[in-house]
Amino acid sequence: MENSKFLSVQNISKTFKTDKGNVHALDDVVLSMTDGEFLAVVGPSGCGKSTLMMIVAGLLEASGGKVRIRGEKVVGPFTDVGIVFQNHVLLDWLTTMGNILFQTDMRRLPRNRYEERARELISMVSLEGFEEVYPYELSGGMKQRCSICRALLHDPPLLLMDEPFGALDALTRDQLCIDLEKIWLQTEKTVLFITHSVPEAVQLADRIIVMTPRPGRIYKEIMVDLPRPRYEEGIESEEFFHLVEQIKRSFLEQGVLRK
Amino acid sequence: MIDRGRNRLLLIGRILWNKRTQTGLSFLVFFILWELAVEVFKIRSYILPAPTEIFRALFKYHSELFFALLFTIRSLILGYIVAVASGILLSLPVAFSKFIQRAVYPLILFFQVIPKVALAPIFVIWFGFGLPPKIMIVFLLSFFPVLINGIVGLRSMDQEVINLTRSTGAREIDVFFKVRLPSALPTFFAGFKLAAISATIGAIIGEFIGSDSGLGYIILTANGDLQTDYSFAAITVLTVLGLSLYYSVEGLERVLMPWHISQRVKSVS
């Protein structure tokens with residue numbers, strides 16, 4: 001049963017040792033994802049949701065518990081993945097094209113086989129005409145689009161996104177949400193999407209995990225059964241607002257939001 | 001009509017009043033004031049020659065100055081190249097090995113703190129009057145800024161970039177050449193530029209202490225003969241030499257890193 005899951009997080013906990021004592025970031029987090037699922041994790045800042053993603057990626061060691069992807073335990077960085085970080089993490093000295101191909105350069109995959117795909121991705125996120133432009137000439141939204149292309153270039157089955165739109169203005173954010181849903185519908189990746197924006201989670205995810213404040217635990221799991229593509233009418237439906245309200249209420253219950 | 005005339009004047013003004021003319025203007029004003037001061041206060045030439053006299057001396061002694069320049073350039077360039085090369089090479093092990101950092105770095109720092117001007121006469125005893133002691137002093141003065149900036153540049157790699165490369169399973173060698181080195185480049189160049197200035201100072205110190213040729217030697221002997229205009233002429237050549245080295249390095253920087261922020265804020269340099 002367990003192995004039919006694409007990804008499973010088994011009793012993960014994490015404690016950071018600092019000069020001022022221990023910080024208990026995650027406590028006994030259990031979750032699993034099926035192949036092709038879009039899972040969003042929402043929670044107040046500091047609840048350890050980014051830590052969770054880092055542990056899933058194998059970039060951070062858990063204090064307890066383990067992560068399995070396709071049945072295999074994650075030990076050290078998991079490389080069959082594309083990651084979009086909160087900051088675009090583009091390299092100053094590479095153009096848009098260079099930054100996207102950085103993914104395959106680092107993996108020592110032949111450039112000529114991926115240039116075509118890079119161009120497809122560029123047009124998918126409407127970055128045409130900016131292929132040979134350096135990051136400083138791009139807007140915040142364009143940088144993040146470029147970073148999404150980089151994460152998709154090598155066609156990984158798993159996409160990890162750590163508050164990817166957190167640093168963007170509201171309008172750019174809405175646009176990127178629409179674009180991301182389109183991309184997801186086309187590529188059918190398994191996506192773990194970390195966010196603190198409730199509407200963003202409801203608009204994108206199949207299922208939403210609501211976390212508690214630190215130490216982060218799973219507070220609630222909410223299925224989102226809105227029809228796709230949601231950017232057409234889903235986000236105006238009554239059901240959409242109902243779900244957003246439901247999650248906000250759970251933050252009120254936890255005392256994250258106060259009236 | 002009046003308005004159009006005024007606009008035209010404003011336009012001409014704006015064309016003339018660009019960044020370059022602003023810089024040029026400050027130099028021009030400086031030299032005119034200098035010239036006037038010498039004229040008005042009847043300052044004797046051996047105390048402070050007027051800019052026009054220095055200009056005349058430049059012409060009069062041009063062949064002497066030229067050969068002295070060739071001599072100084074040699075020690076300057078050789079010492080500078082050795083300093084840059086060894087600074088780069090040494091920054092790698094110090095940046096990547098805690099052990100080497102603990103073992104070697106304090107020693108380098110120790111040598112750096114010694115006033116190098118005080119070492120110059122000793123170099124004359126060791127290496128004589130020729131080129132080697134001068135190269136040595138140039139090297140000592142310009143080596144440290146290259147090393148320090150190199151270490152800082154190589155070490156300061158963004159944590160998120162490190163995470164990104166780790167998630168690709170990249171090999172260390174690829175990360176080094178494709179990420180660490182290019183991200184250290186701006187800091188390296190800051191060191192090269194500082195070193196270019198120190199190197200010029202070093203070249204002159206070397207010739208002050210023990211030399212029978214070079215621009216430093218001319219400055220010293222011209223001073224002894226109270227030929228202050230000649231001395232100033234040599235200083236002028238020296239300044240141009242130092243600036244040339246500095247701007248060559250900056251030119252190289254511009255070619256190598258068109259993406260860097262220093263290229264976008266051009267008014268700073």
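Residues are numbered from 1 along each chain as its sequence is written, and chains are lettered from A, with ligands numbered from 1, in the order in which they are written. Because the model is predicted, local features need pLDDT of at least 70 and side-chain atom pairs count only at pLDDT 80 or more, while totals for chains, interfaces and linings use all residues.

Domain bounds come from an automatic or database domain assignment. In chain A, the assignment gives domain 1 (1-80 + 181-254) and domain 2 (83-156). The C-alpha centres of these two domains of chain A lie 25 Å apart. Four residues of domain 1 of chain A are in contact with four residues of domain 2 of chain A, where contact means that the C-beta atoms of two residues, placed from the backbone, lie within 7 Å. The side of domain 1 of chain A that touches domain 2 of chain A has two nonpolar, one polar and one charged residues. Here Ala, Val, Leu, Ile, Met, Phe, Trp, Tyr, Cys and Pro count as nonpolar, Asp, Glu, Lys and Arg as charged, and the others, Gly among them, as polar. Chain B is divided into domain 1 (2-40) and domain 2 (51-268), and the C-alpha centres of these domains of chain B lie 35 Å apart.

Helices (H or I, at least four residues) and strands (E, at least two) are DSSP runs, numbered from the N terminus. An open sheet of four strands in chain A has the order β2-β1-β4-β5, with antiparallel pairing; two strands pair if DSSP finds at least two bridges between them. Strands β2 (21-33) and β5 of chain A are the edge strands, each pairing on one side only. Strand β1 (residues 7-18) of chain A is joined to β4 (residues 64-69) of chain A by five bridges. Across this pair, A:Ser13 has A:Gly64 as its bridge partner, and A:Val9 has A:Val67. Two bridges join β4(A) to β5 (residues 72-73) of chain A, and A:Arg68 is bridged to A:Lys73. The hairpin of β4(A) and β5(A) has two residues between the strands, and A:Arg70 takes a positive phi near 50° there.

A nonpolar core is a set of buried Ala, Val, Leu, Ile, Met, Phe, Trp, Tyr and Cys residues joined through C-beta atoms within 7 Å. A residue is buried if 20 or more other C-beta atoms lie within 10 Å of its own, exposed if 12 or fewer, and partly exposed in between, with C-beta atoms placed from the backbone. The largest nonpolar core has 81 residues, of which A:Leu39, A:Cys149, A:Leu160, A:Phe193 and A:Ile208 touch the most other members. Helix α4 (residues 140-152) of chain A gives the most to this core, with six residues.

The contact between the chains takes 18 residues from chain B and 18 residues from chain A. On the side of chain B that touches chain A, α8(B) gives the most, with seven residues.

Helix α11 (residues 228-256) of chain B has 29 residues, which should span 42 Å at 1.5 Å a residue; its end C-alpha atoms are 42 Å apart, which agrees. The expected span is 1.5 Å times one less than the number of residues. Buried residues of α11(B) include B:Tyr230, B:Phe232, B:Leu238 and B:Leu245. The buried residues of α11(B) pack against α3 (51-60), α4 (62-96), α9 (172-209) and α10 (215-224) of chain B.
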